[in-house]
Amino acid sequence: MQNVSISKLNKHIDQEVSISGWLTRIRSSGKIAFLQIRDGSGFVQGVIVKNEVPEEVFAKARHIAQESSIKVVGVVRKDERSPSGVELGLKNVEIISKPVSEYPITKRDHGTDFLMENRHIYLRHQRPWAIMRIRDEMIRAVHDFFHERDFIRFDAPFFMPTAVEGTSNLFEIDLFGEDSAYLSQSGQLYAEAGALAFAKVYTFGPTFRAEKSKTRRHLLEFWMVEPEVAFLEHLGNMQLQEDFMAYLVKRVLNNRQRELDILERDVALLEPTAAGKFTRLSYDDALKLLAKKGEDLPWGEDFGAPHETIIGNSFDRPVFIESWPTKTKAFYMQPYDDDPTRVKCDDLIGPEGYGELIGGSERIHDYDLLKERIKEHNLPSEAFDWYIDLRKFGTVPHSGFGLGLERSIAWITGVSHLREVIPFPRMLTRMYP
Ligand code: 4AD
Ligand code: MG
């Protein structure tokens, strides 16, 4: 008999099949039992009726403990009421292993701390199942988007000799008491070397920030996608970001409807993004918008989470804030020729309070200017020699950006806290499991 995954059951209507999986929940009376079964690909209800199977089969089935691993045999029946469209008329149940002690996740209303403490097994439940499948879809979409556009994936190291994004949130690593290195905050500087070798590259990997703040938008370890493109300037860079974000949203809307349903995500809030056409606000216009909403900020101030929320909530899709004050941003950003107090950069702010999804910029390509900036920022110039070399030999305007994977997943799934969208979150308050 054919062993079938739950996700493919609808191709086997009226056939007898077997499923290998786990028992997630059971309800039974003296005459009938309903077994909720999962196999990783999906969830399905199996129904077993006392007088349709041998007595010992029914007796065994109605007492299976939650999270026993099982193999069942049954006939696939169409069932309009079920989310998977089918149900299984069970004929036999084989128990592969029984729990050693009672499975701890039993109630619907366990608190967040309890579920996070039991993350290693909570991942089996329907909500994380839906979220992780959307995460997987987005990761695949990342690779498809860039490969369709002739980028190559280019891996940056995770141990770094220097800071990239400021020194306040660096994780320092002791190298046998002799020297130190830092965990990567961003692969960008290495992606720039890649762009001058391969023209279009993207890095994709975990990045680390020692954020002492305990907000719902910050993790110590998060994944970032960082494309870098030779000969691309600021406006083209924003267009690439817009196309990329629209592509990610479309992929999830098209391929992960069931998962969005499970999460009760209002997809009407995602649809505008699929059409692109994001508003581009200058930093100065963003300040004016904030002032209109009662938040006066002095020119040059960075935005905090509440400001990003106000701006994000003013639009039905992500919004760019471009052309920031030079002094507010990183050392490597290219200033405007006619106004060196501003740099050619952008933050892409998500709607619904999800904050900054992308940060991007055109990079300084002039040798002297870059050297000057490194000095102004008091960065150790020896460690940047190789990076400066990129401006010595065949330098060209180039741009790139970093998309925070977890921020983007959180927004697309409508999940409020980033800890839920990565399998094992790393935060100030959580290192276990
Ligand atoms: O804006 P950031 O700091 O940009 C960079 O690192 C650039 N070097 C990227 C580049 O141009 N190649 O970070 C990029 C994105 C943010 O917009 C945000 O989505 C996410 O990374 N991010 C975080 N996500 C989760 N937890 C944190 N602590 C994050 N810090 C930044
Ligand atoms: Mg940023």
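Me: Is the crossing of helix 4 and helix 6 left-handed or right-handed?

Reply: Right-handed. A crossing counts as right-handed if the near helix is turned clockwise from the far one by less than a right angle, and left-handed if anticlockwise. Bear in mind that this is a predicted model, where local features need pLDDT of at least 70 and side-chain atom pairs count only at pLDDT 80 or more, while totals for chains, interfaces and linings use all residues. Residues are numbered from 1 along each chain as its sequence is written, chains are lettered from A and ligands numbered from 1 in the order in which they are written, and side-chain values use heavy atoms, with hydrogens and water left out.

Me: How do I read the packing of helix 4 and helix 6, and at what angle do they pack?

Reply: Two packed helices are described by the angle between their axes and the distance between the axes. Here, helix 4 (residues 126-148) and helix 6 (residues 234-255) pack at about 135 degrees, their axes 9 Å apart. Helices are DSSP runs of H or I, at least four residues, and strands are runs of E, at least two, numbered from the N terminus. Axes are lines fitted to C-alpha atoms, for helices over the stretch in contact, and angles run from 0 to 180 degrees between N-to-C directions.

Me: Why are helix 4 and helix 6 called oblique?

Reply: Under 35 degrees is roughly parallel, over 145 roughly antiparallel, 65 to 115 roughly perpendicular, and the rest oblique. With an angle of about 135 degrees, helix 4 and helix 6 are therefore oblique to each other.

Me: Which residues of helix 6 and helix 13 make their contact?

Reply: Start with the axes: those of helix 6 and helix 13 (residues 405-413) come within 11 Å and cross at roughly 45 degrees. That crossing is right-handed too. Met245, Val249 and Val252 of helix 6 meet Ser408, Trp411 and Ile412 of helix 13, contact meaning heavy atoms within 4.5 Å. By class, that's 5 nonpolar, 1 polar and no charged residues. Ala, Val, Leu, Ile, Met, Phe, Trp, Tyr, Cys and Pro count as nonpolar, Asp, Glu, Lys and Arg as charged, and the others, Gly among them, as polar.
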